[in-house]
2 protein chains.
Amino acid sequence: MSDIYVVGVGMTPFGRLTEVSLKAMVRQATEAALNDAGLQKDSIEAAFFGNASQGHMEGQQMIRGQIALRDMGISRIPVVNVENACASGSSAFTLAVNHLKARAGDIALAVGAEKMFSADRSRMFSVFDSALDISCAADVHADLLRMGEGVEVPPGTTSPKPYSVFMDVYAAFARAHMKRFGTTQRQIAAVAAKNHAHSVHNPLSQYRTSYTIDEVLAAAPITYPLTVPMCSPVSDGAAAAILCTGAALRRLGLDTHRAVRVLSSVIQTGSDRNYTDVRNHLTVHAARRAYEAAGVGPRDVSVAEVHDATAMGEIIQIENLGFFEFGEGGPASERGDTSIGGRIPVNPSGGLESKGHPVGATGIAQVHELVTQLRGEAGPRQVDGASIAVAENGGGLYGVEEAVACVTILGR
Amino acid sequence: MSDIYVVGVGMTPFGRLTEVSLKAMVRQATEAALNDAGLQKDSIEAAFFGNASQGHMEGQQMIRGQIALRDMGISRIPVVNVENACASGSSAFTLAVNHLKARAGDIALAVGAEKMFSADRSRMFSVFDSALDISCAADVHADLLRMGEGVEVPPGTTSPKPYSVFMDVYAAFARAHMKRFGTTQRQIAAVAAKNHAHSVHNPLSQYRTSYTIDEVLAAAPITYPLTVPMCSPVSDGAAAAILCTGAALRRLGLDTHRAVRVLSSVIQTGSDRNYTDVRNHLTVHAARRAYEAAGVGPRDVSVAEVHDATAMGEIIQIENLGFFEFGEGGPASERGDTSIGGRIPVNPSGGLESKGHPVGATGIAQVHELVTQLRGEAGPRQVDGASIAVAENGGGLYGVEEAVACVTILGR
């Protein structure tokens, strides 16, 4: 268990923020986190900046964090730019934790930001596709289709030109999970309905509309079995967290009742093309390391934010994290076990599906939600008695190409 | 002083390697570092990958390190992609040091790689320009020109369309330094002549041709007072270092005589537009922190590799690092104080000017040279009695925009 604390969190609303610059979003999230901590910007001794696509979207390559933070007067500190696909934000968070554990400083900022909307919509899609090593894409795609063979695909529900290659991958995972464990499209829809219902109570969420399971099933298809409300949208947004050592917490006289301890925070990379070997999923390994370092197990967890880039992702991850047996994620979701008020509430924020998924911000936005929950400040979406929380953020082409999993465990 | 060691270093030759892929370069450098350490690839527990331009050059955004390392069978470990402009490699190195200091693992790989040559030459230039925040470029440029006003610029020696905005910036710095301290073009040429002479003995150097000072002065002008041999070239290349904790060093029975201790490794960010305030240069602050953490001072240093993106950069940095008083860098260089055999040899590898400057690899290539020197394995370019070594690597638009300085101190 580390002696590192999150003392402030902040984020922008997520959504289509075409009038707001990346800099302005970084400033808004960082100022909110500083205010939340009761600290001035001069107190930040190091910054870790997560962003995946600004080079592609805006042509700003390199020293992205320096450019963004200078604008609000933060300079003369170490700033590191981290790019780990959809796990860029959580990678920045883990680096901040390790920076403090290494005693390279006492107070650090982890901030992630992404602008994904553009006038030219095709630009956005290709940034995702460019994360894929082109040389093996066709090969991987064929493997994926094989995994899910034998699942009946209703005519007209598999887009010939998918929304994004990622959704196509998740759909293939879903069909493989259905074939192996009997997971149903209705169970997957239950995850989406639950997350959209949660987000109604989150004022920072991109969408705040609830759907019944039947409405999710009847929505426009992406690629079978996924429909639009089961998939995370394109989003702009930023999120920030201020971390400090126990020594700084005492020295600065910060409110220890609002400080949340980082029990552990790990990054893991791996390849998971062999999806049939579910117990060897990258996240299983990352979670094991995180639980060991934190000295807790899945049964101790009161609330979690997981990487539901699609509703299927949530089912896979709640199994990988040990909340449910392999194959039990779907039935558990349909029973309401992961709803607020259920056995282990998952994605009380609305998750990537509804709160939104501005890639570089997502991992830190998860921390934002869990810190809010652990402090008991989540209002109508509060999970009663939240004491141990898990954030799981993944990047890369999950289960296919090289991927990144970050698991952070927080506690009071 | 940390209990972290560099136990293996490796690099590709630097140069125009159009037939070699980025993956192949990463493999070659990493395998060389593993062989040097006497370790297998399975022993690597985490990797930090520095790269600045692959997104721009090849369209490979995100999870770049994962894609490159998977190819040689390295996966299921944390991999973090770091992008800090020309300091990407040293940033990756510092993160690896802090990862080990945080006890997040015992053995880590820092690897940096860059492919800068392309069929379309304009593509390369724009990657640099894209690091500059466009909104203030004109403003900055006007400031720079003012700094050097009053220095006579021979007609025809200032390119109307500079080789790169970076060279234009360095030329403006040079004119400001000349105006303030009386630094001469001949002194700047002496730095270039010295570095090209050093590289004759470095088989991995991009160029291995010596120049007299007069030949440097007579070479094609870039922007006054810089000529071609005073400027770092476009380069492809990769460099890797294997780091471990003292505990791992003993547990693995590695050769302690060849292990080099990391006395300190710091990253600092800052803005240095006010070049007249030389004692407040970003690198001055970074160096102070690095010396304090290492428990040594500039007088203790036996050899250094510094960021000579141009010969003028070396003069600025040897002053910032405290090897010479401000304004004394030029005369000291002309006297031979920084040549092998001089008071404090600088850039025995040939430096960025001659060895080459594949952006993401540069910081780790500096460590490669210094480890080789500290072990006494540098052959005809060996600095006698090398015991304390400093690597200084900078990124961003030095002295203009937000910039990054990394200073690492190594010792036996």
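**Close-up views of a predicted two-chain model**

View 1. Helices (H or I, at least four residues) and strands (E, at least two) are DSSP runs, numbered from the N terminus. This is a predicted model, in which local features need pLDDT of at least 70 and side-chain atom pairs count only at pLDDT 80 or more, while totals for chains, interfaces and linings use all residues. Residues are numbered from 1 along each chain as its sequence is written, and chains are lettered from A and ligands numbered from 1 in the order in which they are written. β2(A) pairs in the parallel sense with strand β3 (residues 79-82) of chain A over 4 bridges; pairing requires at least two bridges found by DSSP. Val82(A) in β3(A) is the bridge partner of Gly50(A). Strand β4 (residues 107-114) of chain A also runs parallel to β2(A), joined by 4 bridges, and there Leu109(A) stands opposite Ala47(A).

**View 2. Surroundings of Ala110(A).** Leaving aside neighbours within four places in sequence, Ala110(A) is in contact (C-beta atoms, placed from the backbone, within 7 Å) with residues including Phe48(A), Phe93(A), Leu243(A) and Ile364(A). The largest nonpolar core has 276 residues, and Ala47(A), Ala110(A) and Leu243(A) are among those with the most contacts inside it. Such a core is a set of buried Ala, Val, Leu, Ile, Met, Phe, Trp, Tyr and Cys residues joined through C-beta atoms within 7 Å.

**View 3. Helix α4 of chain A.** Helix α4 (residues 88-101) of chain A is largely enclosed by the rest of the structure, because 14 of its 14 residues are buried. Arg103(A), which follows α4(A), has a positive phi near 60°.

**View 4. Cis peptide bond in chain A.** Tyr224(A) and Pro225(A) are joined by a cis peptide bond with omega near 5°. Pro225(A) is in the loop between α9 (213-218) and β5 (237-245) of chain A.

**View 5. Asn347(B) in its loop.** Asn347(B) is not a glycine, yet its phi is positive, about 55°. The residue is found in the loop between α13 (329-335) and α14 (351-354) of chain B. Asn347(B) counts as buried because it has 29 C-beta neighbours inside 10 Å.

Notes
A residue is buried if 20 or more other C-beta atoms lie within 10 Å of its own, exposed if 12 or fewer, and partly exposed in between; C-beta atoms are placed from the backbone. Two residues are in contact if their C-beta atoms, placed from the backbone, lie within 7 Å.
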